[in-house]
Each structure stands twice: as structure tokens, then as C-alpha cells.
Amino acid sequence: MAVYFISDAHFGAPYSDTDEHRVKLFSRFIDLIGEDADYLYIIGDLYDFWFEYRDGFPNPFPEVTSRLKELGDRGAEVIFIGGNHDWWAGKTFKQATGARIEKKDIEVTHYGKRIFIGHGDGIPKDDWAYRILRKILRNPVNIWLFSRLSAEMGMKLARLVSSRSHALGQYRQWKFLGEYKEYAQKRIDDGFDIVILGHTHIPQEVELKGGHYFNSGNWIRDFTYVKLDESGFYLNTFKNGDVEKFDFDKMKKPE
Ligand SMILES: [Mn+2]
């Protein structure tokens with residue numbers, strides 16, 4: 001029996017011409033963990049954009065949702081925590097996956113460990129402009145207004161949600177890692193044993209004072225996930241279609 005954490009597949013990202021391969025790998029992974037998963041936490045940005053209009057949202061990757069639904073049918077609980085790209089997932093997503101949808105960070109206990117789980121957007125101090133945008137985009141009145149937009153206006157909204165983080169680029173996140181560590185240490189000082197975040201796309205396993213911080217990484221190039229079972233925590237990769245321990249040394253740090 002095991003608990004899994006995964007994030008940041010960004011299916012449908014404009015920079016991605018590899019959706020087909022990534023969805024296939026994801027499907028195989030979900031099939032595999034069906035053997036022992038009690039819980040799967042999806043920690044945000046599974047999609048590059050998911051916003052439910054008045055009539056829902058056209059499911060861009062039915063294979064992804066149906067695999068998640070199957071996982072649920074096999075006895076696992078699937079919990080989806082919205083990221084900055086897919087926070088608006090609602091009825092359509094729930095119906096297609098059977099997942100429980102959470103709109104904010106959550107606290108859970110597994111194997112006696114208190115675990116803090118969140119997507120992790122808005123943590124860096126100089127991300128203040130994003131934090132304002134997030135307030136606007138998550139305001140119920142605005143959501144009601146957005147949900148009445150035409151598909152064309154919706155695409156503009158998609159670009160607004162997406163563009164800044166893509167402009168940031170994956171590698172610029174390196175300079176924020178210290179702030180993520182500080183944030184995790186604060187949660188551990190609050191009494192958590194483990195903090196698990198996503199968003200930076202940089203897989204991490206960090207020993208802190210009194211606990212551990214994990215970043216579940218990404219399903220863009222590293223295909224990483226965190227697994228918890230009775231013997232401990234693991235940060236693995238499914239990049240080659242098989243479970244392997246993630247090799248941190250192989251990560252290329254920008255100059
Ligand atoms: Mn994100």
C-alpha cells in the first residue's frame with residue numbers, strides 16, 4: 001500500500017510538442033500504481049489550462065481523465081489540488097475523474113507523518129504581481145464573469161494564466177529554491193513532518209531541521225513523483241517507462 005504525489009505535467013502547454021508521448025507515459029504510470037496506491041495526490045498544473053465555462057470545459061486529454069477514473073475504481077482515492085494553471089477545474093473534471101478537488105493547501109496524515117501539501121505558487125517574495133493576479137483570477141464574481149466568456153475570450157484568459165509562468169521559464173526557478181526551502185522549514189516549525197510542493201518543476205528532496213521537503217518535480221522532462229509507503233519516502237522517475245530512483249546529479253543547473 002502506498003501514497004503517491006505528482007504535479008506539473010502541463011498537458012497542452014504551447015511549448016510542448018510531446019503531449020502524445022507524455023500522456024502515454026502518464027497512462028502507463030497510473031496503470032502501474034493502481035497495483036498498490038491508496039491515495040494519489042495531484043499537486044496542481046496537471047494541465048496547462050483548465051477553466052470551466054458555463055458549459056464546462058472541453059476535456060483536452062480524455063485518456064488522462066479516464067485513467068484517473070480507473071485508478072479510483074481500483075480503490076485509490078484521487079485528490080486534485082489546483083495549480084496556477086488549472087485551479088478552476090470543477091464539475092467537468094470531477095465527473096471525468098472522480099477526483100476530490102481541493103482549492104487550497106491541505107494537511108494530511110499518512111503512516112503517522114503530518115504532511116503539508118500545496119502547489120507552491122506565489123511563494124517567492126518578488127512574486128507580488130502574481131499574487132495580485134491570483135486574487136483577481138480566483139475572485140468568485142470574476143470567475144462568474146469569466147465563465148460567461150466566449151471561447152475566443154477564454155483563450156485570452158488562458159494566455160494570461162499561462163504566459164507569465166512560461167516567460168519565467170523553467171530554469172529561472174532555480175533562484176527561488178532558497179525561498180521554497182525557507183517556506184518548507186516554516187511549515188515544519190509549525191509541526192509538520194513533511195512538506196510536499198510542486199510548481200518549480202525542479203525535483204527536490206531536502207533534509208530540514210525536524211523534517212523533510214520534497215518537490216514532486218515535473219512531467220515535462222523528468223517525469224518525477226514522490227512515493228510514501230511504510231518503509232519511507234522516495235523521489236522516483238518514470239522517464240524511461242520504469243520506476244527508477246531520480247538522479248539529482250543529472251539535473252542540469254543553468255550557468
Ligand atoms: Mn505552477
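Predicted model: local features only at pLDDT ≥ 70, side-chain atom pairs only at ≥ 80, totals over all residues.

Axes here are lines fitted to C-alpha atoms, for helices over the stretch in contact, and the angles run from 0 to 180 degrees between N-to-C directions. On the numbering of elements: helices (H or I, at least four residues) and strands (E, at least two) are DSSP runs, counted from the N terminus.

Residues are numbered from 1 along each chain as its sequence is written.

Back to the helices. Which residues of α1 and α2 meet? From α1 you have V23, F26, S27, I30 and D31, and from α2 there's E63, V64, R67, L68 and L71. Contact here means the C-beta atoms, placed from the backbone, lie within 7 Å. By class, that contact has six nonpolar residues, one polar and three charged. For the classes, Ala, Val, Leu, Ile, Met, Phe, Trp, Tyr, Cys and Pro count as nonpolar, Asp, Glu, Lys and Arg as charged, and the others, Gly among them, as polar.

Have a look at R67 in α2. Is R67 buried or exposed? R67 counts as buried because it has 20 other C-beta atoms within 10 Å, and the cut-offs are 20 or more for buried, 12 or fewer for exposed, and partly exposed in between, again with C-beta atoms placed from the backbone. Leaving out residues up to four places away in sequence, R67 touches S27, I30 and D31. And take R67 with F26: they sit 41 residues apart along the chain, with their C-alpha atoms separated by 8.8 Å.

Next, the sheets. Seven strands make an open sheet with mixed pairing, and the order is β4-β3-β2-β1-β10-β11-β12. Two strands pair if DSSP finds at least two bridges between them. At the edges are β4 and β12 (244-245), each with a single partner strand, so one side of each has no neighbour in the sheet.

Let's start from β2, residues 37-42, which runs parallel to β3, residues 77-81, with four bridges between them. I42 has F80 as its bridge partner in β3. Right-handed means that, with the strands pointing away from the viewer, the path from the first strand over the helix to the second runs clockwise.

Moving along, β3 pairs with β4, residues 100-102, in the parallel sense over three bridges. I81 has E102 as its bridge partner in β4. The chain crosses from β3 to β4 through α3, residues 91-97, and this β-α-β crossover is right-handed too. Over at β12, two bridges tie it antiparallel to β11, residues 232-237, with N236 opposite K245.

There's also a five-strand open sheet, in the order β5-β6-β7-β9-β8, with mixed pairing. β5 (106-110) and β8 (204-208) are the edge strands, each pairing on one side only. From one strand to the next, the twist averages 20 degrees.

I106 stands opposite I117 in β6, and I117 has I196 as its bridge partner in β7. I196 in turn stands opposite F214 in β9. As for direction, β5 and β6 (residues 113-117) run antiparallel with five bridges, β6 and β7 run parallel with three, and β7 pairs parallel with β9 (residues 211-215) over four. In β7, residues 194-197, I194 and I196 point one way, V195 and L197 point the other, and all are buried.

Last stop, the backbone. Most residues other than glycine have a negative phi. D8 has a positive one, near 55 degrees, and H10 is positive as well, near 50 degrees. D8 is in the loop between β1 (2-6) and α1, and H10 is in the loop between β1 and α1 too. D8 counts as buried, with 30 C-beta neighbours inside 10 Å, and H10 counts as buried with 26.

Conventions. Contact = placed C-beta atoms within 7 Å.
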